[in-house]
Amino acid sequence: MALTDIEKVRIEIQDVDVTFPILSDATYTYLLEKHSNIITRAAMDAARMALMQLSQRGNETVDIFTIKGSSVAEQYRQALLLYIKDPYHN
């Protein structure tokens with residue numbers, strides 16, 4: 001099964017949770033069009049956008065689930081920062 005370009009970018013920045021994605025498919029489509037379908041460039045922008053999204057989120061409740069800032073979110077933020085510094089050490 002071949003991956004779509006959106007899936008490739010999602011994997012690059014590990015935005016792979018189907019239930020609670022950080023960025024929408026429309027955002028990934030925009031980034032891919034902006035960068036002429038170059039996965040690494042789109043992923044770099046996606047990582048920056050994901051950091052912005054995460055910094056603006058507070059506690060969220062969806063149905064019975066509550067998402068709170070936690071050490072996992074902080075570790076993901078740090079991983080995104082490392083990715084932005086050098087995407088080849090992903």
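Of the 90 residues in the protein chain of this predicted model, 26% count as buried. The chain exposes about 6,400 Å², and carbon and sulfur atoms supply 56% of that area. Four helices and two strands are present, and from the N terminus the elements follow the order α-α-α-β-β-α. Among contacts with a separation of 6 or more, residues 24 or more positions apart account for 56%.

In soluble globular proteins, nonpolar side chains tend to be buried together. The largest nonpolar core of this chain holds 18 residues, of which Val9, Ile13, Leu23, Tyr28, Ala46 and Leu80 touch the most other members. At least two core residues come from each of helix H1 (5–13), helix H2 (25–34), helix H3 (39–56) and helix H4 (71–85). H3 provides the largest share, seven residues. Beyond four places in sequence, Ile13 touches Leu23, Tyr28, Ala43, Ala46, Ala47, Ala50, Tyr76, Leu80 and Tyr83.

**Asp15 and its surroundings**

Asp15 lies in the loop between H1 and H2. Its relative accessibility is 2%, below the 20% limit, so Asp15 counts as buried. The side chain of Asp15 reaches the backbone nitrogen of Ile22 at 2.9 Å. Neighbours within four places in sequence aside, Asp15 is in contact with Arg10, Pro21, Ile22, Leu23, Tyr28 and Tyr76. Arg10, Asp15 and Asp25 are also linked in a network of salt bridges.

**Salt bridges**

The model contains five salt bridges. The table gives three of these pairs, including their N to O distances.

| Pair | N to O distance | Location |
|---|---|---|
| Lys8 and Asp5 | 3.8 Å | both in helix H1 |
| Asp45 and Arg48 | 3.2 Å | both in helix H3 |

Arg10 is buried, at 12% relative accessibility, whereas Asp25 is partly exposed, with a relative accessible area of 44%.

Lys8 and Asp5 stand three residues apart, about one turn of helix H1. Lys8 is partly exposed, at 35% relative accessibility, and Asp5 is partly exposed with a relative accessible area of 29%.

Asp45 and Arg48 are likewise three residues apart, about one turn of helix H3. Asp45 is buried, with a relative accessible area of 15%, while Arg48 is partly exposed at 40% relative accessibility.

How values were computed:
Residues numbered from 1 in each chain as written. Predicted model: local features only at pLDDT ≥ 70, side-chain atom pairs only at ≥ 80, totals over all residues. Heavy atoms only, no water. Core = buried A, V, L, I, M, F, W, Y, C linked by side-chain atoms within 4.5 Å. Buried < 20%, exposed > 50% of the residue type's maximum accessible area, 1.4 Å probe, protein only. Contact = heavy atoms within 4.5 Å. Areas by Shrake-Rupley, 256 points an atom, 1.4 Å probe, with all protein chains shown as cover. Polar contact = N/O pair within 3.5 Å; in protein donor to acceptor, adjacent residues only side chain to side chain. Salt bridge = Lys/Arg side-chain N within 4 Å of Asp/Glu carboxyl O.
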